[in-house]
Amino acid sequence: MKEYKSKTQSETEKIAQAVVKKLQGGEVLALVGNLGAGKTVFVKGLAKALGIEDNITSPTFVLMKIYQTSHATIKRLVHVDCYRLEKVDDLDDIGLADYLHDPASIVVIEWADRVVNLPKNTININIEYINSQERIVKVS
Amino acid sequence: MRILAIETSCDETALAILTERKGFLYLEKDIVYSQVDIHKKYGGVVPEVASRKHLETIMPLLQHTLGKNKLKNIDYIAFTQGPGLVTSLVLGVATAKALGLASNKALLPINHLEGHIYSNWLTHQELQSNKINIFPSVVLVVSGGHTELILMTGHGQYKLIGKTLDDAVGEAFDKVAKLLGLGYPGGPIVSKLALMGNAHKYDFPRPMINSHNFDFSLSGLKTSILYFLEKKQKINQQDVADICAGFQLAVTEVLVKKTFLAAKKYGAKSIMLAGGVSANTFLKQNLQNNADKLAIPFFAPEMKFTGDNAAMIAAAAFYRLKNKKARLFSGDKISKLEPDANWQLVVK
């Protein structure tokens, strides 16, 4: 497990960029943290590192948004948000089957604690809100 | 011309039949089956449940809507192709395709947001009669999933001039309600409590109010309320009402200011409000007051058309047909139609 401290939005984005360097494609990133912890900020950092030009907006309402990257091997960032979901037994319920295990995609799931069966290769990212000046990001 | 419209983009199953009478739109049928009570207990929409519910309700609703004439008097079948939840959209799309294949009537895929914009035409006869020139119109689209400023230069012609960079307005209301331990959906609850609060007691930020563009950011406002609650620690009922009022005022001020800056820049002949948050009386009143000062006509949909409905989809289809901007699908082409969950009405 790696632990990072973040004092600003841009520091959270930089942590996300460090995480991207270790990705090969096909991974699932499970983001957990309360409202206002900085989950979407983290995803904005992922998007920047993958060379996505589109602005990342909250997928809360539509549950899933897909972005094309300009990365050499990872072609898509699939941004999922389970905020509105009660316990989901299966990620297939939200139409993720096409992208899980796809080596050209990275799937990042906000509020991942609301999904019951995450795949084995899932990378857990916990963003803990300490106070308005500090967040702790744990990657495991 | 008689249009059957089908809307299943989220958690309402809706059908409508629209025609024209004496130069005005006439709704022969307008049915909305809402699943909100089913989803309330989950605190949001459950896609799998929504999908199954659409499947259960759409056939009985269709039979009821069409009656014994079935499709005999229908000329076109319009349906919501996107944006929305793909698991919900697919039911409406499949129904439209089946009807189209079986009947040989032409299908018209409609964008859900365009539908919301046309809820204004359903509401206001002066828009239908075409007597006043309203274009270009600055349209503020605000809902649970959208916050966009659109310049409408004519029927079916849109230009995106601003959008949210993070959360949508309806979503911000929902999340603030959650932070305050209130129920779901958050919009109506927060605006009701705001009536009892002092909007000037606490000062929340107006994100991007002075940015030199028409974009919005609401995520930071939500976070500022989180910080505020942390600092304050104990809050009573009056505090909750004051926070709701202060939050609503902050959101409204940003929306109103940018809408009218856009109106000035683009020489708007009218202002329109659309989407689920158009049910918010405080926002509507503030837009109206500003429009009155500048003597620009302001339009908002009547309450029953603020939520998702099929009548607005039929109205959008009607004006596309009338202005020869309809994309029609029939015969073999029908099989190619699929839901488009991320369909952008306008691309910058």
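Which element gives the largest share of the lining of the largest pocket? I found that helix 6 of chain B does, with 6 residues. A reminder to myself before going on: this is a predicted model.

**Entry 1: the largest pocket**

I looked up the volume and got about 1,100 Å³ for the largest pocket. Its lining counts 46 residues, and B:Gly144, B:Asp174, B:Tyr184, B:Pro185 and B:Gly276 are the ones nearest the centre. Besides helix 6 (169–179), the elements of chain B that give two or more residues are strand 3 (24–34), helix 4 (112–123) and helix 7 (186–194). I then sorted the lining by class and noted 18 nonpolar, 20 polar and 8 charged residues. As for domains, at least three lining residues come from each of domain 1 (3–117 + 306–336) and domain 2 (133–296) of chain B.

**Entry 2: the second largest pocket**

Next I turned to the second largest pocket, which holds about 700 Å³ of space. I listed 31 lining residues for this pocket, with A:Thr57, A:Lys65, B:Glu148, B:Lys163 and B:Gln344 nearest its centre. At least two lining residues each come from strand 3 (64–68) of chain A and from strand 7 (147–154) and strand 8 (157–163) of chain B. Which of the elements gives the most here? Strand 3 of chain A does, with 3 residues.

I asked for cavities of 30 Å³ or more, and the structure holds 2. The largest cavity has about 60 Å³ of space. Helix 9 (residues 237–265) of chain B gives the most to the lining of this cavity, 4 residues. Among the residues that line the largest cavity I noted B:Val169, B:Phe216, B:Leu221, B:Val251 and B:Leu255. By class, this lining has 10 nonpolar residues, 1 polar and no charged ones.

The second largest cavity came out at about 50 Å³. Its lining consists of B:Trp121, B:Glu126, B:Leu127, B:Asn130, B:Ile132, B:Ile134, B:Phe135 and B:His155. I sorted those into 5 nonpolar, 2 polar and 1 charged.

I placed B:Pro136 in the loop between helix 5 (125–128) and strand 6 (137–142) of chain B. The bond from B:Gly82 to B:Pro83 is also cis, with omega near -5°, and B:Pro83 sits in the loop between strand 4 (76–82) and helix 3 (86–103) of chain B. I flagged these for a plain reason: most peptide bonds are trans, and most residues other than glycine have a negative phi.

On the phi side, B:Lys70 has a positive value near 50° without being a glycine. I found B:Lys70 in the loop between helix 2 (47–66) and strand 4 of chain B. Is B:Lys70 buried or exposed? B:Lys70 is exposed, with a relative accessible area of 60%. B:Gln233 has a positive phi of about 60°, again in a residue that is not a glycine. B:Gln233 belongs to the loop between helix 8 (219–232) and helix 9 of chain B, and is exposed at 70% relative accessible area.

**Entry 3: cysteines**

How many disulfides does a search of the whole structure find? The search over all chains gave 0. For A:Cys82, the nearest cysteine sulfur is that of B:Cys10, 15 Å away. A pair has to lie within 2.5 Å to count, so 15 Å rules this one out. I also checked burial: A:Cys82 is buried at 0% relative accessible area, and B:Cys10 is buried at 6%.

**Entry 4: chain B as a whole**

I counted 11 helices and 10 strands in chain B. Its C-alpha atoms fill a box of roughly 65 × 45 × 30 Å along the principal axes. For 348 residues a compact globule would have a radius of gyration near 20 Å, and the 21 Å of chain B agrees with that. Of these 348 residues, 58% count as buried.

**Entry 5: one residue of chain A**

Last, I looked up A:Phe42, which lies in helix 2 (residues 39–49) of chain A. A:Phe42 is buried, with a relative accessible area of 0%. The C-alpha atom of A:Phe42 is 5.8 Å from that of A:Thr12, 30 residues apart along the chain.

Technical notes: Residues are numbered from 1 along each chain as its sequence is written. Chains are lettered from A and ligands numbered from 1 in the order in which they are written. This is a predicted model: local features need pLDDT of at least 70, side-chain atom pairs count only at pLDDT 80 or more; totals for chains, interfaces and linings use all residues. Side-chain values use heavy atoms; hydrogens and water are left out. Buried means under 20% relative accessible area, exposed over 50%, partly exposed in between (1.4 Å probe, protein chains only). On a 1 Å grid over the protein atoms alone, a cavity is a set of points where a 1.4 Å probe fits but cannot get out, and a pocket is an open set with protein on both sides within 12 Å along at least five of seven lines; lining residues have an atom within 4 Å of a point. Grid points are joined across faces, edges and corners, and a volume is the space filled by probe spheres set on the points. Ala, Val, Leu, Ile, Met, Phe, Trp, Tyr, Cys and Pro count as nonpolar, Asp, Glu, Lys and Arg as charged, and the others, Gly among them, as polar. Domain bounds come from an automatic or database domain assignment. The radius of gyration is taken over C-alpha atoms; the globule rule is 2.2 Å times the number of residues to the power 0.38.
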